[in-house]
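Here's a quick tour for anyone meeting this structure for the first time. Have a look at it first, then read on for the main points.

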Amino acid sequence: MPRLLLTGANGFVGKILTVRLQQAGFHVTALSGNSTPVDSLADEHLIGDIRDANAMAHAVAQAKPDYVVHLAAISHVPTSFKDPLLTWQTNVMGSMNLLEAIKLHAPQAFVLFPSSSEVYGAAFKSANSVDENTTPQPLNPYAASKVAAESAFREYFRQGVKGVIARPFNHIGAQQSADFVTASFARQIALIEAGKQAPILKVGNLDAVRDFLDVQDVCSAYIELLKLADKPGHPSCLNIASGHSRKIREVLDLLLSLSSTKIEVELDPERLRPSDIPVAVGNATLLRETTGWQPQIPLQDTLRELLDYWREQARHAS
Ligand code: GDD
């Protein structure tokens, strides 16, 4: 059974990906940061902060991976504005620590690095949907740190480490933190329905346009990308996108249409960002042609499941 080391295993994507990887036949060693309790279903668990080079060397030596998926990151754009140092230390130096450890202790491993579509930034303004040849022009510390981390991965690829970079667009689903837009809206609707929040739903920029995917579809793409380990000459960087543009206002209306409660929508200036990408839509032709991947789950189904998840959470909320 191939051995796989998963960093960020205790996060939103990490927990779901753990199960999907096991179903795909991997033995999963979950690496989680010191501060998070381990509640993943992985085969083995390791604790270690990716900002700690020694801890990373130890983790990779112990896990003896054939594959690595590096999810651990600060991924919330507003947090990256508030704490750029933490963002760069985690996303860039964390990646460096992992890459050094792989080079030393698992030089044959194949590494998947989920970067982000956020790297395109200002380039979104001049294209209908961006492909991998578009030059990144990051607009926030998170995106800039992902560009820097990509650069670190490319340098290690040049030195012989094997792997691939993915640029996933917005992926959503049950269990995502309410720091992110669809989870935030669904949580508020559920709390209002349960009588635990006044019937006013707070929002940020509703005019932004995003390319949404169900987290399960993104996990399917990651599993397809791991198969590139056996395909020399594969592309080094691939978008994961639906190709469909959705205004945040439209997504809010879809969620509100799933509820019969009367809810007022109110702009919360705290939710506006120093800079926000107005339109982000991706072209995933390369991924489709390379792996055959296609998204399977309609947005309406994802939103329904998301709202049901938050309704269940709201029942237990005080
Ligand atoms: N979070 C949040 N909360 N965003 C809101 C809100 C709100 O109440 N109201 C409107 N928005 C808008 C944001 O301004 C942004 O334009 C859009 O909704 C999506 O915000 P997020 O869900 O926070 O995601 P993101 O687009 O900034 O970044 C996400 O996608 C990237 C991939 O494209 C994150 O998941 C990143 O980690 C990921 O790399």
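Helix H6, covering residues 181-193, is the top contributor to the shell around the ligand, giving three residues. Keep in mind that what you're looking at is a predicted model. The protein splits into two domains, and the ligand lies between them, because both domain 1 and domain 2 give residues to the shell around the ligand.

**Around the ligand**
- In total, 23 residues surround the ligand.
- If you want to find the closest ones, go to Ser75, Ser116, Ser117, Tyr142 and Arg273.
- Sorted by class, the shell is made up of 10 nonpolar, seven polar and six charged residues.

- Asp179 has a backbone N or O atom 2.8 Å from a nitrogen atom of the ligand.
- Val181 also puts a backbone N or O atom 2.8 Å from the ligand, here from an oxygen atom.
- With Arg271 it's the side chain: one of its N or O atoms is 2.7 Å from an oxygen atom of the ligand.
- As for cover, the ligand has 720 Å² of accessible area on its own, and the protein covers 94% of that.

**The two domains**
- Domain 1 takes in 3-171 + 213-240, while domain 2 takes in 177-210 + 244-279 + 297-315.
- Going by C-alpha atoms, the centres of domain 1 and domain 2 are 27 Å apart.
- Where the two meet, domain 1 brings 14 residues to the contact and domain 2 brings 11 residues.

**The area between the domains**
- About 1200 Å² is buried between domain 1 and domain 2, and carbon and sulfur atoms give 61% of it.
- On the domain 1 side, His76, Phe81 and Asp214 lose the most area to domain 2.
- Together, those three residues make up 35% of what the domain 1 side buries.

Technical notes:
Residues are numbered from 1 along each chain as its sequence is written. This is a predicted model: local features need pLDDT of at least 70, side-chain atom pairs count only at pLDDT 80 or more; totals for chains, interfaces and linings use all residues. Side-chain values use heavy atoms; hydrogens and water are left out. A residue is near a molecule or strand if one of its heavy atoms lies within 4 Å of it. A polar contact is a pair of N or O atoms within 3.5 Å; within protein, one must be able to donate a hydrogen and the other to accept it, and residues adjacent in sequence count only if both atoms are side-chain atoms. Accessible areas come from the Shrake-Rupley method with a 1.4 Å probe; for residues, only the protein chains shown count as cover. Helices (H or I, at least four residues) and strands (E, at least two) are DSSP runs, numbered from the N terminus. Ala, Val, Leu, Ile, Met, Phe, Trp, Tyr, Cys and Pro count as nonpolar, Asp, Glu, Lys and Arg as charged, and the others, Gly among them, as polar. Domain bounds come from an automatic or database domain assignment. Contact means heavy atoms within 4.5 Å. Buried area is the accessible area (1.4 Å probe) that two parts lose on being put together, summed over both.
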